[in-house]
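User: Please go through this model with me in questions and answers. I would like each reply to end on the value or name I ask for.

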Amino acid sequence: MSSVSAFVNTLIRPEILALSAYHVPACADMIKLDAMENPYLVPPPLRDEIAAVVADAHINRYPDPDPRSLKQKIRELLALPEGMAVLLGNGSDELIQLLALALNKPGAVLLSVEPSFVMYKMIATFVGMRYVGVPLRTDFSLDLQATLAAIHMNQPALVFLAYPNNPTGNLFSREDICQIIEASPGLVVIDEAYYAFANDSFVPDLAIYPNLLVMRTFSKLGMAGLRLGFIAGSALWLDQLEKLRLPYNVGVLPQRVAETLLDHHAVLLEQAEHIKQDRKLLYQQLSSLVEVYPSEANFLLFRVAHASEVFAALKQHGVLIKNLNGGHPMLTDCLRVTVGTPDENEQFIAALRACLQCTVE
Ligand code: PMP
């Protein structure tokens, strides 16, 4: 009789066998600055309100497959005009997958830039779509000519651009992105996961470009645990994508809690404002120690000699950040730190100072 591994190795697609699962490190008792989460809980009166909403939720029933009032709140926040709609996902990761599934005709290409959010490439692999990654310039700005040439050559059905970009933190040039949208024969999705920390958005451009959708997540705005993302754009696009959405992809509790939190959107935006202020100080402190890249997100990318050793030493000091060294040739010796509370940021800087002394000696 064959072993389980013989079955697995014969039956699972080779490109899946070759993948490594997305790694989420253990973080018990550590200062957690690895995943771009908002470090703040909402204030106690709002927590009580959420507790009441949760207590009343009908968790014996399937969730509302079309939560209109939640969608309406999102539409209002974005000031979406008539003819535009919202599609909800279990985090925006799920929506990237849904888009890839919908556009993956035989031979279709998914194009993005590199380094960027790793899930674009991973999901292309999951669904069997050909992936093309166009390198950014060394300062992590878009290489417009190379991107336009790659679009011309590969005719991608789907283009993802993160605005601001992860893991580099910068906003690409708006003019360059407009040229990319205009030159694209396929759908262009602007991924605004970090919109709350930046000063620009492509939501108003939805009315201009027929091949544009904007994707956002509430994960970075204090709701990572809820898993809620959305795509905004023409109802003509979203009606088609709706067909692929699994009927109950957003649970009863995320729906109810997100709606309550959106009623207090100002509280979340205020937290984001604090994070932006703290980013400034963290940037200054970091730049006296290492090479830091400018950021319009809630994290900073920096380069330091012996990055993997520094990362391991920080862990020994109880601080977990993200090691990007080895992930992409342009990220050699790069580490990424999420902006935490002022206290967490201070502890991180103190630990980094100590680690740099050790790795230099
Ligand atoms: N897009 C970008 C650019 C991201 O960095 C992330 C999370 N790191 C996501 C999408 C996914 O967010 P979520 O699935 O939590 O909504």
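User: How far is an oxygen atom of the ligand from an N or O atom in the side chain of R227?

Analyst: This is a predicted model, in which local features need pLDDT of at least 70, side-chain atom pairs count only at pLDDT 80 or more, and totals for chains, interfaces and linings use all residues. Residues are numbered from 1 along each chain as its sequence is written, and side-chain values use heavy atoms, with hydrogens and water left out. A polar contact is a pair of N or O atoms within 3.5 Å; within protein, one must be able to donate a hydrogen and the other to accept it, and residues adjacent in sequence count only if both atoms are side-chain atoms. The pair formed by the R227 side chain and a ligand oxygen is at 2.7 Å.

User: Which residues come nearest to the ligand?

Analyst: A residue is near a molecule or strand if one of its heavy atoms lies within 4 Å of it. A backbone N or O atom of S92 is 2.6 Å from a ligand oxygen, and an N or O atom in the side chain of T217 is 2.6 Å from an oxygen atom of the ligand. Of the 14 residues around the ligand, the nearest are S92, D191, Y194, T217 and S219.

User: How many residues of the shell around the ligand are charged?

Analyst: Ala, Val, Leu, Ile, Met, Phe, Trp, Tyr, Cys and Pro count as nonpolar, Asp, Glu, Lys and Arg as charged, and the others, Gly among them, as polar. The shell has five nonpolar and five polar residues, and its charged residues number four.

User: Is R227 buried, partly exposed or exposed?

Analyst: R227 lies in the loop between β7 (212-217) and β8 (229-234); helices (H or I, at least four residues) and strands (E, at least two) are DSSP runs, numbered from the N terminus. Its phi is positive, about 60°, although R227 is not a glycine. Buried means under 20% relative accessible area, exposed over 50%, and partly exposed in between (1.4 Å probe, protein chains only). R227 has a relative accessible area of 30%, so it is partly exposed.

User: Is F140 buried or exposed?

Analyst: F140 is in the loop between β4 (130-135) and α7 (144-154). F140 is not a glycine, yet its phi is positive at about 70°. Its relative accessibility is 1%, so F140 is buried.

User: Which residue does a cis peptide bond join to N166?

Analyst: Most residues other than glycine have a negative phi, and most peptide bonds are trans. The bond from E114 to P115 is cis, with omega near 0°, and P115 is found in the loop between β3 (109-114) and α6 (118-127). The bond at N166 is cis with omega about 15°, and the residue joined to N166 is P167.

User: Which side chain does R245 join in a polar contact of 2.9 Å?

Analyst: R245 is in the loop between α9 (235-242) and α10 (252-263). Its relative accessible area is 14%, so R245 is buried. The R245 side chain reaches the backbone oxygen of P65 at 2.9 Å. The side-chain partner at 2.9 Å is N249.
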